[in-house]
Amino acid sequence: TMATTKDESIICLFDVDGTLTMPRLKVKADILELLRRLREKVTVGVVGGSDFAKQKEQLGDNVLDIVDYSFSENGLVGYKGRESIHVKSIKDQLGDAKINKFVNFVLKYVAELDIPVKRGTFVEFRTGLINISPIGRNCNQEERVAFNAYDAEHKIREKFVEVLKAEFPDYGLQYSIGGQISFDVFPIGWDKTYCLQHIEGKFKEIHFFGDKTAKGGNDYEIFVDPKTVGHHVDSPEDTIRICTENWL
């Protein structure tokens, strides 16, 4: 076998849902194999909107051993190897008075919303964002798929976001519709570009891979950022193909 030399000037940074895994599902063996082979050639990182517990659920408890950088909640929680390099919370940023006012409004809006199915967990408070789901996060897979189709037609999430923008114009918040059933709310600038502060200047090329790269998608800002080379993918298979063509 040929000696492999690792190019320390390149990092490949991957979104999780839709890029390394099917949405919310566990990573498959072919992607784990890709990451293993890719790490012999370049530095590898992941950046997801979900919290670190969900990242481990999807990529494995050993996620810190299979990538060089792990960013969850868009990089508000950051690891280099097994070392924690960053933690920042939305609570510190906004304060409880504002958060309470916002959450109260959201719950009232959901209560009035006329949609076919409602389950539970409409608001999920995370370290760096508030996740809002009109159907509720503990719906099952079937209900999740059905809501996503209903939402595509009736724009439930899109309208919800517009209402919140109008109601809280002075909160300095940004909204991102991602995944199938929810949207994220976070301080302006706390999208996936937030993680770049931990790696910019350390690499000549930052290659980002994501599926929600259109405007409004949660990969858009980092995809178009001049600091990255953006690669749009539609599935984990695409990710494998592009990485193989470029580095393997």
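The expected span of a helix is 1.5 Å times one less than its number of residues. The model on display is predicted, and this tour applies that rule at its opening stop.

**Helix α9.** Select residues 236-247, which form helix α9. At 1.5 Å a residue, its 12 residues should span 16 Å, and the end C-alpha atoms lie 16 Å apart, so expectation and model agree. Next, colour Pro-236, Asp-238, Thr-239, Ile-242, Cys-243 and Trp-247, which are buried in α9. These residues cover an arc of only 150 degrees around the axis, which means that they lie on the same side of α9. To see what they pack against, display β1 (10-14), α1 (29-38), β10 (205-210) and β11 (229-232).

**Trp-247.** Select Trp-247 and show its surroundings. Beyond its neighbours within four places in sequence, Trp-247 is in contact with Ile-10, Cys-12, Leu-38, Lys-41, Val-42, His-207, Phe-209 and His-231.

**The largest nonpolar core.** This core has 26 residues, of which Phe-14, Leu-35, Leu-38, Phe-209 and Trp-247 touch the most other members. Two or more residues come from each of β1, α1, β2 (43-47), α2 (52-59), α3, β4 (77-80) and α9. The element that gives the most is α1, with 4 residues. For a second, separate core, of 24 residues, select Val-106, Leu-129, Ile-130 and Tyr-171, which are among its members.

**Ile-66.** Finish at helix α3 (residues 63-66), where Ile-66 is found. Is Ile-66 buried or exposed? Its relative accessible area is 17%, under the 20% limit, so Ile-66 is buried. Leaving aside neighbours within four places in sequence, its contacts are Leu-32, Leu-35, Arg-39 and Leu-59. Lastly, select Gly-45: Ile-66 and Gly-45 are 21 residues apart in sequence, and their C-alpha atoms are 9.2 Å apart in space.

Terms used:
Residues are numbered from 1 along each chain as its sequence is written. This is a predicted model: local features need pLDDT of at least 70, side-chain atom pairs count only at pLDDT 80 or more; totals for chains, interfaces and linings use all residues. Side-chain values use heavy atoms; hydrogens and water are left out. Buried means under 20% relative accessible area, exposed over 50%, partly exposed in between (1.4 Å probe, protein chains only). The arc is that of the directions from the helix axis to the C-beta atoms. Contact means heavy atoms within 4.5 Å. A nonpolar core is a set of buried Ala, Val, Leu, Ile, Met, Phe, Trp, Tyr and Cys residues joined through side-chain atoms within 4.5 Å.
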